[in-house]
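Have the viewer open as you read.

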Amino acid sequence: MSEAKPDKTLDVCGKICPYPDMNTMTTLKKMEKGEVLEVLLDYPLSVERIPRNLKKQGHKLITSEQLDGPNHRMLIEAHGLK
Amino acid sequence: MEAVMTGLFVGLIFGFVLQRGRFCMNSAFRDAILLKDNVLLKTVFAALLVELVGFAIMDGAGAIAINPKPLWWGANLLGSFIFGVGMVLAGGCASGVTYRFGEGMVGAMTAVLGLAVFGFFTAGGFLKPFKDSLQTGTTITAADGSALTLHGLLGLDYTLVALILFAIALVVWFLIGRKEEFEADPGWGWLNTGILIGFIGIISFPLSASAGRNYPLGITAGWINILQVIFKGAAFNWLGLMIIGVVVGGLIAALISKEFKFRVPKPLMLLQTFIGGALMGFGAVTSGGCNIGHLLSGIPQLSLGSILAGLSIVLGAWAASYVIFVLPQKKG
């Protein structure tokens, strides 16, 4: 599977509610259109909530994969409206 | 089997459902304004409605005798507002940090420590005089000295008022609530989680009552009981055992779904969740209940004190979310 190469990586492992979500959204806001953000997270609620809220902000979820246990890796394409 | 042991059983199911259902009132209130995401808020409403009808039928049939909390307007307003601020700092409500303890989140463990210790000091330590004077100074009771309730104000039977409210809520639901759809539902689906939590609330009432504690679910007083067991040689009560059940139930659910992991945030974050927990413990004991004792268990009993406390928790959570998360974004 060919995969988009991330322009930026955000590690929010260990962070509590709602920091994983907030950090992801703020980082995406600062990125250019089409840039790809890689998010590493281990908080189950955010793993489900981030994809739900990305759409509302216009960003595109490329993949969300489970690594091991609660650890997840997401690739998100920013829509670039600063 | 001793009657208190049913607390452990109820707690195990409660913890399991909380973890799998991702139930968190802190997220519910905060997400509604911060992310315009109201899925969890709907779960809370669903649970409240199930309890409302369950309590109404059980009380009408004589299986339970509802025991609404009194109205201490000053203590309810101040205590619950502080509780609401605290849960934002702690990253979870009283039930949220309790089940996440079982998930291995160290930030939740420090929050629980703050909650238990400051709840303990407010219930029987150096903060007790302040709490007592605020509660007695702002008490308003019904003419016969009983707790003020919605049905009491109307002069009507509890079961009747509860069933009417339930019917009104269903009508509102069918008119406006049904249209919204969600592409990715958290956990088991918001409605299933809400109904399950409502049923746990319903079964908890008679079981806890038969152990001598005539009230449905709670959290804060259970943690205080655990400290009393450890430091004062007290016996476990129904709620203390229920808390142990919630932690273990959350742990089992996290292990089954492979979501268990020791997650250690930065020291500053641990301090923040401890302070948040401490504010929650002080606030909950001052107000006479946390998000579970007042919001989930008290509102369906139509206690005016619980309704006021519930609103104040939401206001506190919104105020803190605004200051912590919205203002910094506006500046930067």
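This is a predicted model: local features need pLDDT of at least 70, side-chain atom pairs count only at pLDDT 80 or more; totals for chains, interfaces and linings use all residues.

Residues are numbered from 1 along each chain as its sequence is written, with chains lettered from A and ligands numbered from 1 in the order in which they are written.

**Strands in chain A**
- Strands here are DSSP E runs of at least two residues, and helices are H or I runs of at least four, numbered from the N terminus.
- Strand β2(A), residues 36-41, alternates: A:L37, A:V39 and A:L41 point to one face and are buried (20 or more other C-beta atoms within 10 Å of the residue's own, C-beta atoms being placed from the backbone).
- β1(A), residues 8-11, runs parallel to β2(A), joined by 4 bridges (pairing takes at least two DSSP bridges).
- A:L37 of β2(A) is the bridge partner of A:K8.
- β2(A) also pairs with β4(A), residues 72-77, in the antiparallel sense over 6 bridges, and there A:L41 partners A:H72.

**Helices in chain B**
- α4(B), residues 73-90, packs on α7(B), residues 128-137, at about 130 degrees with axes 6 Å apart.
- The axes are lines fitted to C-alpha atoms over the stretch in contact, and angles run from 0 to 180 degrees between N-to-C directions.

Note on methods: A residue is buried if 20 or more other C-beta atoms lie within 10 Å of its own, exposed if 12 or fewer, and partly exposed in between; C-beta atoms are placed from the backbone.
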